[in-house]
Amino acid sequence: MLGGILSAIVVVGGFFGDEGKGKVVAYLAIKRRIQLAVRCGAINAGHTVVYRGRTWKLRSVPSAFIYPGAQLGIAAGSLIRLDVLFKEIEETGCRDRLCVDYNAGIIEEEHALREKSSNHLATTIGSTLQGVGEAMVDRVRRVLKLARDSPELKDYTCDLAGKVNEYIDRGSEVLIEGTQGTFLSLYHGTYPYVTSRDTTASAFLSEVGVGPKKVSEVIVVFKSYVTRVGPGPLRGEIPFEEAAKLGWIEYGTVTGRPRRVAPFDFELAKRAVTLNSATGVAITKIDALFPEVRGLRDRSKLPRSVREWVEKVESTLKVPVKLLGTGEDVEDAIYLGDED
Ligand code: IMP
Ligand code: MG
């Protein structure tokens, strides 16, 4: 812990999304007994949580739902679709502990229709066409419907920004779950092949309504290789067949599209650490590089090969590796941070 000062922990994607933030957030929520967790972003981003034989694919509800002690929130800057939200509330059984900020935005059918009719978005950008960007456009035009305007949400809406700050002020840790990845950022990513929001740590704080002074940790999540869905630069990209041989083939959670693949990119990772002021990193799918650690949970059994790779990451990025993912399950992980 941090000398008794409890405050916000922000979890951010370090590459192009799909690094495994869902798993990392769920792990941290349990490990740190998080009392309030807030999801940012929108329904274009799917977070997968596999826990004790069950799998959830979440586009709105925070992955921290897995820890029953956590209150859950959806940030003011996020965009939700009512049918998606209600389905996830059912699937996760989180009805009684979920709060949607009054100011969260509502995506409607017309937003997705507008995107689907845009050749630029569909073809050039490779958008997930979930209506997120068009809803953002309406928000900027100040015509978007908000959660507070939706009678269906009356049992869920609250002043989440106020609640987050109250929790922090009374000494609780609040987990902020970012979405997508640093290089899909509208500002810092590979424009124009980016999403419709900033996806760095500061942006998620702004989405929630908490200032930078109240942040204790920024955890940037990398996967042991890089994937990208849709077009745009991907340094070191390897052919699909080669990726298949390595076992690095994945499909998009929301769109089902195959993901493009490249090896771990140290330069890109360094840039992500800089853009997010990372205090630590988590690396998922370490078993894709070192199959012998698949499912390993015991830190003392980490082979030398993995320890050396982790040291290389730490000496290049100049931040500590706090967590390694060794399998799909939330508990398939090795915590390398300080024990508290
Ligand atoms: P949009 O945000 O749906 O318009 O998509 C813009 C670009 O970001 C496309 O290349 C998408 O594939 C990518 N993208 C958006 N959300 C995610 C995500 O959660 N994971 C990975 N890629 C994403
Ligand atoms: Mg994803």
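**A friendly note on two helix pairs**

1. Start with helix 9 (residues 266-276) and helix 11 (residues 304-317): their axes come within 9 Å and cross at roughly 55 degrees. That angle makes helix 9 oblique to helix 11. Please keep in mind that this is a predicted model.

2. On the helix 9 side, the contact is made by Phe266, Ala269, Lys270 and Val273. Helix 11 brings Trp309, Lys312, Val313, Thr316 and Leu317 to the contact. Sorted by class, the contact of helix 9 with helix 11 has six nonpolar residues, one polar residue and two charged residues.

3. Now turn to helix 3 (residues 109-116) and helix 5 (residues 132-140). The axes of these two helices come within 7 Å and cross at roughly 115 degrees. Angles of 65 to 115 degrees count as roughly perpendicular, and helix 3 and helix 5 are therefore described as roughly perpendicular to each other.

4. The crossing of helix 3 and helix 5 is right-handed. From helix 3, His111, Arg114 and Glu115 take part in the contact. They meet Val132, Gly133, Glu134, Ala135, Val137 and Asp138 in helix 5. The residues of this contact between helix 3 and helix 5 divide into three nonpolar, two polar and four charged.

5. To recap for your own look at the model: helix 9 is oblique to helix 11, whereas helix 3 and helix 5 are roughly perpendicular.

Technical notes
Residues numbered from 1 in each chain as written. Chains lettered and ligands numbered in written order. Predicted model: local features only at pLDDT ≥ 70, side-chain atom pairs only at ≥ 80, totals over all residues. Heavy atoms only, no water. Axes fitted to C-alpha atoms, helices over the stretch in contact; angles between N-to-C directions. Helix = DSSP H or I, 4+ residues; strand = E, 2+ residues; numbered from the N terminus. Parallel < 35°, antiparallel > 145°, perpendicular 65-115°, else oblique. Contact = heavy atoms within 4.5 Å. Nonpolar A, V, L, I, M, F, W, Y, C, P; charged D, E, K, R; others polar. Left-handed = near helix turned anticlockwise from the far one by under 90°.
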